[in-house]
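Please look over the sequence and the structure shown here before reading on. The paragraphs after them go through the model step by step.

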Amino acid sequence: MRGYLQGALKIAPNETQAEFASLSRTRRAKLATAAQTNLIKADQWARGEAITPEVATALQKGVEGRKKTAPKK
């Protein structure tokens, strides 16, 4: 156990963050630019790390918007 009587905290990204992480670098960069941030902060969000709420909501809307416009196979 880490620390005194506490277990290690494990960051669990949600479904949207996991989908963002699975995209190619170019698509992630385009979504990051649309969210007015850089790729580094967008990748931090995808890992579940803390970033500003405005950027997080913009990235989440970008990924969800991509789901709606994606062609069905």
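What follows moves from the overall layout to single helices and then to single residues.

The structure is a predicted model. Its protein chain holds four helices and zero strands, and reading along the sequence gives the pattern α-α-α-α. The radius of gyration of the protein chain is 14 Å, well over the 11 Å that the globule rule gives for 73 residues, so the chain is more spread out than a compact globule. Taken along the principal axes, the C-alpha atoms fill a box of roughly 50 × 30 × 20 Å. Of the 73 residues, 23% count as buried. Among the contacts between residues at least 6 apart in sequence, 52% join residues at least 24 apart.

The buried residues of α2 are Arg-28, Leu-31 and Ala-32. Seen down the axis of α2, these residues fall within an arc of 100°, so they line one face of the helix. The spacing has a simple background. An α-helix has 3.6 residues a turn, so residues three or four places apart point the same way. The face of α2 turned away from the buried side carries the exposed residues Thr-26, Lys-30, Thr-33 and Ala-34. On the buried side, what covers the residues of α2 includes α1, α3 and α4. Just after α2, Gln-36 takes a positive phi of about 60°.

Just after α3, Gly-48 takes a positive phi of about 95°.

Arg-28 lies in helix α2 and Asp-43 in helix α3, so the pair ties together parts that are 15 residues apart in sequence. Is Arg-28 buried or exposed? Its relative accessibility is 14%, and buried means under 20%, so Arg-28 counts as buried. The side chain of Arg-28 also reaches the backbone oxygen of Leu-23, at 3.1 Å. Leaving aside residues up to four places away in sequence, Arg-28 touches Phe-20, Ala-21, Leu-23, Leu-39 and Asp-43.

The count of salt bridges comes to two. Arg-28, by contrast, is buried.

The structure holds one aromatic pair. The rings of Phe-20 and Trp-45 have their centres 5.6 Å apart and their planes at 75°; an angle over 60 degrees counts as edge-to-face, so this pair is edge-to-face. The pair links distant parts of the chain, with Phe-20 in helix α1 and Trp-45 in helix α3, 25 residues apart. Phe-20 counts as buried at 0% relative accessibility, and Trp-45 counts as buried at 5%.

Gln-44 has its place in helix α3. Not counting residues up to four places away in sequence, Gln-44 touches Glu-49 and Ile-51. The C-alpha atoms of Gln-44 and Leu-9 are separated by 17 Å, and the two residues are 35 residues apart along the chain.

Key: Residues are numbered from 1 along each chain as its sequence is written. This is a predicted model: local features need pLDDT of at least 70, side-chain atom pairs count only at pLDDT 80 or more; totals for chains, interfaces and linings use all residues. Side-chain values use heavy atoms; hydrogens and water are left out. Helices (H or I, at least four residues) and strands (E, at least two) are DSSP runs, numbered from the N terminus. A salt bridge is a side-chain nitrogen of Lys or Arg within 4 Å of a carboxyl oxygen of Asp or Glu. Buried means under 20% relative accessible area, exposed over 50%, partly exposed in between (1.4 Å probe, protein chains only). A polar contact is a pair of N or O atoms within 3.5 Å; within protein, one must be able to donate a hydrogen and the other to accept it, and residues adjacent in sequence count only if both atoms are side-chain atoms. Contact means heavy atoms within 4.5 Å. Rings of Phe, Tyr and Trp (its six-membered ring) pair if their centres lie within 6.5 Å; planes under 30 degrees apart count as stacked, over 60 as edge-to-face and the rest as tilted. The arc is that of the directions from the helix axis to the C-beta atoms. The radius of gyration is taken over C-alpha atoms; the globule rule is 2.2 Å times the number of residues to the power 0.38.
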